[in-house]
Amino acid sequence: MFFIVFFFASIDAKQIPFDTIVSFGDSNTDTGNVYNLTNHTWPLVPPYYQGRFSNGPVWIENLGVSNLKNYAHGGATTDNNFIQGYTASDTRPVPGARQQISMYFNSTNQTENNFERILFVIWIGANDYYFNRTLTPSAVTQSILNSVKDLLRIGIKHLLILNQAPSRSASFNERTIFHNKNLSFAINQLNSNHKEISLNLFDIHSLILNIFANNSLNTQDYCWLINNGNLTNRCSNPSDYAFIDQYHFSARMHRIIGDHIQNYLIHRYTSGLPNFSYSFFYILFALIFLLTH
């Protein structure tokens with residue numbers, strides 16, 4: 001009986017089937033790289049949480065994989081050779097996504113990697129438009145594809161790409177729609193040419209719009225005002241807000257995003273296993289059978 005209960009309970013406790021996550025991106029995913037780069041001077045701690053651009057852990061820390069190799073830097077663009085990104089009130093240059101991939105490649109013995117057990121993640125692009133408002137979505141998405149192709153040349157097996165999230169700026173949101181259409185088309189083409197690779201494009205844009213429409217979070221305002229490196233606290237409870245400052249999500253939003261992406265990955269990679277409701281009835285049936293025989 002204990003064996004049966006343990007077996008089905010272990011199925012219920014599904015996790016994404018990876019030992020390691022390797023991530024590239026900007027402040028949405030940064031877990032302290034800019035904080036270390038600026039000798040612990042940016043972002044301001046406190047109130048920002050341990051070098052994150054939020055008041056708590058960011059979404060990728062909520063996926064349930066403890067071995068996280070994170071190269072994301074706040075302020076990063078898709079490629080410094082395309083458009084340079086900066087942090088610390090736009091004063092400190094940071095590596096773009098392609099440079100982050102080079103950092104990973106140069107610091108890792110690829111022959112020792114089991115790519116079947118590593119999930120690579122890219123969430124990048126918003127800062128390209130921030131630092132150069134004349135850029136077209138087709139140019140930015142092509143720059144993202146260059147990073148994807150860099151990873152494919154390494155020999156990766158699993159890649160998660162996030163599209164652009166909605167922002168508080170109407171002008172950015174208009175370009176975001178075209179950006180996401182271009183990115184979706186390009187990834188679909190890559191998928192058709194690389195059947196041996198699991199390329200997953202997660203629609204973070206639709207997810208966040210859905211969260212905004214069906215959650216009590218304050219989406220019109222933000223909690224902390226950042227101006228020339230100075231911070232002004234404008235709220236009493238950051239958990240009530242979707243945005244912690246003018247640009248970044250609150251820890252509560254990161255938790256919601258992380259939970260949804262974790263569920264997406266579990267469904268994507270373990271959809272053949274029974275779900276909770278079926279497992280519950282299997283356990284109940286097994287207990288009844290054993291107790292009555």
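In strand β7, S198 is the bridge partner of H158. Strands here are DSSP E runs of at least two residues, helices are H or I runs of at least four, and both are numbered from the N terminus. Five bridges join strand β6 (residues 158-162) to β7, and the two run parallel. Two strands count as paired if DSSP finds at least two bridges between them. In general, strands of a sheet pair through backbone hydrogen bonds, either parallel or antiparallel. The model is predicted: local features need pLDDT of at least 70 and side-chain atom pairs count only at pLDDT 80 or more, while totals for chains, interfaces and linings use all residues. Residues are numbered from 1 along each chain as its sequence is written, and side-chain values use heavy atoms, with hydrogens and water left out.

Strands β6 and β7 belong to an open sheet of five strands. The order is β2-β1-β5-β6-β7, with parallel pairing. The edge strands, β2 (67-70) and β7 (198-202), each pair on one side only. From one strand to the next, the twist averages 20 degrees. Helix α5 packs on this sheet and touches β1 (20-25), β5, β6 and β7. The direction of α5 makes about 165 degrees with that of β5. Angles run from 0 to 180 degrees between N-to-C directions, and axes are lines fitted to C-alpha atoms, for helices over the stretch in contact.

Within the sheet, I122 lies in strand β5 (residues 118-123). I122 is buried, with a relative accessible area of 1%. Buried means under 20% relative accessible area, exposed means over 50%, and partly exposed falls in between (1.4 Å probe, protein chains only). Leaving aside neighbours within four places in sequence, I122 is in contact with F24, S147, V148, L151, L159, L160, I161 and L162. Contact means heavy atoms within 4.5 Å. The C-alpha atoms of I122 and T78 are separated by 9.7 Å, and these residues are 44 apart along the chain.

Helix α5 (residues 137-154) also packs with helix α3 (residues 97-107). Their axes are 9 Å apart and the angle is about 15 degrees. The two helices are therefore roughly parallel to each other. Angles under 35 degrees count as roughly parallel, over 145 as roughly antiparallel, 65 to 115 as roughly perpendicular, and the rest as oblique. On the α3 side, A97, R98, I101 and F105 take part; they meet N146, S147, D150, L151, R153 and I154 in α5. Five of the contact residues are nonpolar, two are polar and three are charged. Here Ala, Val, Leu, Ile, Met, Phe, Trp, Tyr, Cys and Pro count as nonpolar, Asp, Glu, Lys and Arg as charged, and the others, Gly among them, as polar. Residues A97, Q99, Q100, I101 and Y104 of α3 are buried. The buried residues of α3 pack against β1, β5 and α5.

Two further buried positions follow. T87 lies in strand β3 (residues 85-87) and has a relative accessible area of 4%. Beyond four places in sequence, T87 is in contact with V34, T38, W42, F53, G74, R92 and V94. I244 lies in the loop between β11 (241-243) and α8 (251-270). The relative accessible area of I244 is 0%. Not counting residues up to four places away, I244 touches Y48, F53, S54, N55, Y222, C223, W224, P238, F249 and S250. I244 and S54 are 190 residues apart along the chain, yet their C-alpha atoms are separated by 6.3 Å.
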